Amino acid sequence: MLLSMTTAMAAHGSVTKTTFGTTPDGTAVDLYTLKSEGIEASVMTYGARVVSIKTADRDGKMSNVVLGYSALDGYLADKSTYFGAIVGRYGNRIAFGKFSLDGKQYQIPTNDHANSLHGGTVGFDRMVWQGRAIADGVEMTLVSKDGDQGFPGTLTVHVRYTVHHGALRIDYVSSTDKDTVVNLTNHSYFNLAGDGQGTILHDELMLPADQYTPVDSGLIPTGVLAPVEGTPFDFRKATVIGARIDEPNEQLKLAGGYDHNWVLRGKNGEVKTAARVYDPLSGRVLTVTTTEPGVQFYTGNFLTGAKYGTAQEGHEKHAGFCLETQHFPDSPNHPAFPTTELKPGETRHSTTTFTFSTQAK
Ligand code: BGC
């Protein structure tokens, strides 16, 4: 890794740009390292991906708490996990890759059995974004052309990552020149004990939602908003993630664990708590707040331990969890869900913040 100069100095932190590698077509990939009190986060231009987040445990020891690879070739070879990526233009699933807008039918490539997942075969996670150092962070910009993966309209997306006192904040801003659909999220997998430190099944999750969206066998929402009451999906009181994951519950069986969207309380667009996770081993606590109406809680059910790239790092089943703040999956086909449509002249904003702290034993 080549060291370069510090490109921006903010009041409390610093932003440093280095080279992370080169894609097969010769495009340079940059890594921005953002430092503030109690946090050091690295984000690269390939997929606008979070590569590492270092935070202190209850004894003050700093470790990386997101899953990833030490070199770019790992990310290039791994086509299934979406480690750390911004997923889009439509994060999560669209049934059969089909939707209609203004009376016209659109077809997105189906890359997850019969359905489309995370924006099609070449989603935003596989594109090199334009990086720019800003105060306390980096702004990543991507212009997705009209017709990209079958979606209508040229979509311009700015994702700003900034660090402030133990927190990583992500601001998403998008605009279009034709009616389209947009659902952007970050796909980091967290392991609060540290990447490679076993599974996350012993962590305690609190997820303040009264309803979730049950799915069919293709993990597409049925359209029902089901109460969590009396089910393994009730995390309104902090509960160990693994405590009920193997219960004979049809929804858990379909997904091989948790891989569902919860309906957050409060209004779409207002900041609300999406989750709080406590890792008793390290004492680390992650609190997630968002303006989005939903969160996909995914327990890394499809991680296989496969090793990619020169460093040969593998990640076992349940080695990390994702908290993907988002609009609901398959919204373009569910008019009753909060809309993901974006029109020319409008700007879509959303904000998600991951705050790290510690808790005593
Ligand atoms: C989905 C999982 C999928 C994973 C890809 C998650 O957002 O909900 O079903 O396997 O992304 O790594």
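By class, the residues that line the largest cavity of this model come out as 3 nonpolar, 5 polar and 2 charged, where Ala, Val, Leu, Ile, Met, Phe, Trp, Tyr, Cys and Pro count as nonpolar, Asp, Glu, Lys and Arg as charged, and the others, Gly among them, as polar. What you see above is a predicted model, in which local features need pLDDT of at least 70 and side-chain atom pairs count only at pLDDT 80 or more, while totals for chains, interfaces and linings use all residues. Residues are numbered from 1 along each chain as its sequence is written, and side-chain values use heavy atoms, with hydrogens and water left out.

Let me stay with the cavities for a moment. On a 1 Å grid over the protein atoms alone, a cavity is a set of points where a 1.4 Å probe fits but cannot get out, whereas a pocket is an open set with protein on both sides within 12 Å along at least five of seven lines, and a lining residue has an atom within 4 Å of a point. Grid points are joined across faces, edges and corners, and a volume is the space filled by probe spheres set on the points. By this rule there are 3 cavities of 30 Å³ or more, and the largest cavity has a volume of about 70 Å³. Its lining is made of Y172, S174, V182, N183, L184, E292, H327, R348, H349 and S350. Two elements, β15 (167–176) and β28 (348–358), each give two or more residues to that lining, and β28 gives the most, with 3 residues; strands here are DSSP runs of E, at least two residues long, numbered from the N terminus.

The second largest cavity holds about 40 Å³ of space, and the residues that line it are N92, R93, T213, V215, L219, P221, D259, H260, N261, Q296 and P329. Strand β22 (residues 259–264) gives the most to this lining, with 3 residues, and by class the lining divides into 4 nonpolar, 5 polar and 2 charged residues.

Where does N92 sit? N92 is in the loop between β7 (86–87) and β8 (93–94). N92 is buried, with a relative accessible area of 2%, buried meaning under 20% relative accessible area, with exposed over 50% and partly exposed in between (1.4 Å probe, protein chains only). Leaving out residues up to four places away in sequence, N92 touches S116, L117, H118, Q296, Q326 and P329, a contact being heavy atoms within 4.5 Å. The side chain of N92 also makes a polar contact of 2.9 Å with the side chain of Q296, and another, of 3.1 Å, joins the side chains of N92 and Q326. A polar contact is a pair of N or O atoms within 3.5 Å; within protein, one must be able to donate a hydrogen and the other to accept it, and residues adjacent in sequence count only if both atoms are side-chain atoms.

Next, the open space and the ligand. The largest pocket has a volume of about 580 Å³. Of the 30 residues that line the largest pocket, those closest to its centre are S80, Y82, R93, D112 and L117, and the lining as a whole divides into 8 nonpolar, 13 polar and 9 charged residues. Around the ligand we find S80, T81, Y82, R93, H118, H187, Y189, D259, Q296, Y298, F302 and E324, each with a heavy atom within 4 Å of the ligand. An N or O atom in the side chain of R93 is 2.7 Å from an oxygen atom of the ligand, a polar side-chain atom of H187 also lies 2.7 Å from a ligand oxygen, and for the side chain of E324 the distance is 2.6 Å.

Finally, which strand holds K272, and is K272 buried or exposed? K272 is in strand β23 (residues 272–278) and is buried, with a relative accessible area of 9%. Beyond four places in sequence, K272 touches L264, R265, G266, K267, V288, T289, T290, T291, E292 and P293. A polar atom of the K272 side chain lies 3.1 Å from the backbone oxygen of E270, and the K272 side chain reaches the backbone oxygen of T291 at 3.4 Å. K272 and T351 are 79 residues apart in sequence, yet 10 Å apart in space, C-alpha to C-alpha.

Conventions. Helix = DSSP H or I, 4+ residues; strand = E, 2+ residues; numbered from the N terminus.
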